[in-house]
Amino acid sequence: MAGKEEAALKPVSCGARLRRSHDASLREEVSMRDPFLKHRVKKFDLSSLDWIDQIPECPVFSPSVEEFEDPFVYLSKIAPVAAKYGICKIVSPICASVPVGTVLMKEQGGLKFTTRVQPLRLAEWSMDDKFAFFMSGRKYTFRDFEKIANKGFVRRYSSAACLPARYMEEEFWHEIAFGKMESVEYACDIDGSAFSSSPNDQLGRSKWNLKKLSRLSKSILRLLRTAIPGVTDPMLYIGMLFSMFAWHVEDHYLYSINYHHCGASKTWYGIPGKAAPDFEKVVREHVYDHEILSGEGETAAFDILLGKTTMFPPNILLHHHVPVYRAIQKPGEFVITFPRAYHSGFSHGFNCGEAVNFAVGEWFPLGAIASQRYALLKRIPLLPYEELLCKEAALLDHEFSTSSYKDLTTSTGDTHIQHCMKVPFVQLMRLQHCVRWSLMKMGARTHYKADIDATVLCSICKRDCYVAHVMCNCRVDAICLCHGKNFLTLSTDSNLS
């Protein structure tokens, strides 16, 4: 999901120290060290912060009102350049006319939310020193949290004004390594939106309203049968000084779009999608101790990174020649992250952002890779990749069958987007045909079902089985064709659906 964090959480009051000697279960799930105790971590040398100046800025785009009309048309225009950086910024040419506070306090009836406590320190990432965020147990309204956040900022800097981004970046990493602040709070993954429903709000009426994005005609996610919070429906992120979002990649390698509604800036770090294997290698070899990795190879670090609590300074990436780019996001600006682009960042003070995922045709090849990795880790997928691929292929086939020759050579030719969808679809069909033929030769019987109203998951690897699955008398649940041969030899009564 767009910026969502999935740490194993324990309720504690804000600022309260956890004493694992009083709770055996915490001893197993949380760091053996005091979660708020700062200590020197040799692998992350922050004695000098000169490396900050070595991080280049990501591309910034300033579309006209006309160019801004359709998000997917504009994104396809800038993608050839922006995707190379993994992250980019778009300055909106239109503004919201209804303040965020009014939307959340009046239109949404005084939205209340809880926060997560984020310790401000570095972790060893070893068996006795991992990292975790904790539920604060407090409930806030938007105005309550704003007052507390601003009070803390003024107490630290004796000013309510925004401070230079370069200065705040130094302050953040110095505080993480050597400062006296124990923790901050971050209200993340809040169901809801701060885009106004007022017909007079120009931005709210536009297609860039994140509540509308997943349902637009060029959105792949419009094909999902049910809404998914944070993926098809946006979530709010309300931060304070040094609230952070740890290094992570979007679920299923989806795109993400984040709009900054109000408040202090955010610093983002982004890695190009093509550099993701190098990023994971650095994390596996230079951030995580080998003892905490659950397996070998490429998926070892990916598995822990999915927890979205891994925070470390970008200088270790620069040292190992992994490209890193920076975005300073201000109110009225969108940040786009591209498929498989790892990213992280922090807030310069109180602010409110909103994020959602999206997908276009170019996503399908990377979506296939993500689905394979989820299956290797036996993780339940958030969305049915196979179903989306097949439905989009069926729509494309219908488009070709109902178009004239002139249309086929112009609007629906074999474009790059269509090619990105066709290749994984053909690969899927070839695999399905090969395995189905082999299973039928071994004695499996074929049954066809129409209008299946629920996603069928493989009971072994959790892969979604939209095209076909195997049922046999040796198992209660379905299995995907990847495991079919293994179980068919054990059964004389198997059905291929």
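Predicted model: local features only at pLDDT ≥ 70, side-chain atom pairs only at ≥ 80, totals over all residues.
Me: Into which classes do the residues lining the second largest cavity divide?
Reply: The second largest cavity has a volume of about 50 Å³. Its lining includes His252, Ser371, Tyr374, Arg379 and Asp464. By class, the lining residues are four nonpolar, two polar and four charged.

Me: Are the rings of Phe302 and Tyr374 stacked, edge-to-face or tilted?
Reply: A pair of aromatic rings is described by the distance of the centres and the angle of the planes. Planes under 30 degrees apart count as stacked and those over 60 as edge-to-face, with the rest tilted. For Phe302 and Tyr374 the centres are 6.5 Å apart and the planes stand at 55°, so the pair is tilted.

Me: How far apart in sequence are the parts that the pair of Phe302 and Tyr374 ties together?
Reply: Tyr374 also belongs to the lining of the second largest cavity, and both Phe302 and Tyr374 are buried. Phe302 lies in helix α8 (residues 299–305), whereas Tyr374 lies in helix α10 (residues 364–376), so the parts tied together are 72 residues apart.

Me: Does Arg373 count as buried or exposed?
Reply: Arg373 is found in helix α10. Among the residues Arg373 touches, leaving aside those up to four places away in sequence, are Glu280, Glu298 and Phe302. A residue under 20% relative accessible area is classed as buried. Because its relative accessibility is 5%, Arg373 counts as buried.

Me: What percentage of contacts between residues at least 6 apart in the protein chain join residues at least 24 apart?
Reply: The secondary structure of the protein chain comprises 14 helices and 16 strands. Of its 497 residues, 56% count as buried. Among contacts between residues at least 6 apart in sequence, the share joining residues at least 24 apart is 80%.

Key:
Residues numbered from 1 in each chain as written. Heavy atoms only, no water. Helix = DSSP H or I, 4+ residues; strand = E, 2+ residues; numbered from the N terminus. Buried < 20%, exposed > 50% of the residue type's maximum accessible area, 1.4 Å probe, protein only. Contact = heavy atoms within 4.5 Å. 1 Å grid on protein atoms, 1.4 Å probe; cavity = no way out; pocket = protein on both sides within 12 Å on 5 of 7 lines; lining within 4 Å. Points joined across faces, edges and corners; volume = space filled by probe spheres on them. Nonpolar A, V, L, I, M, F, W, Y, C, P; charged D, E, K, R; others polar. Phe/Tyr/Trp six-rings, centres within 6.5 Å; stacked < 30°, edge-to-face > 60°.
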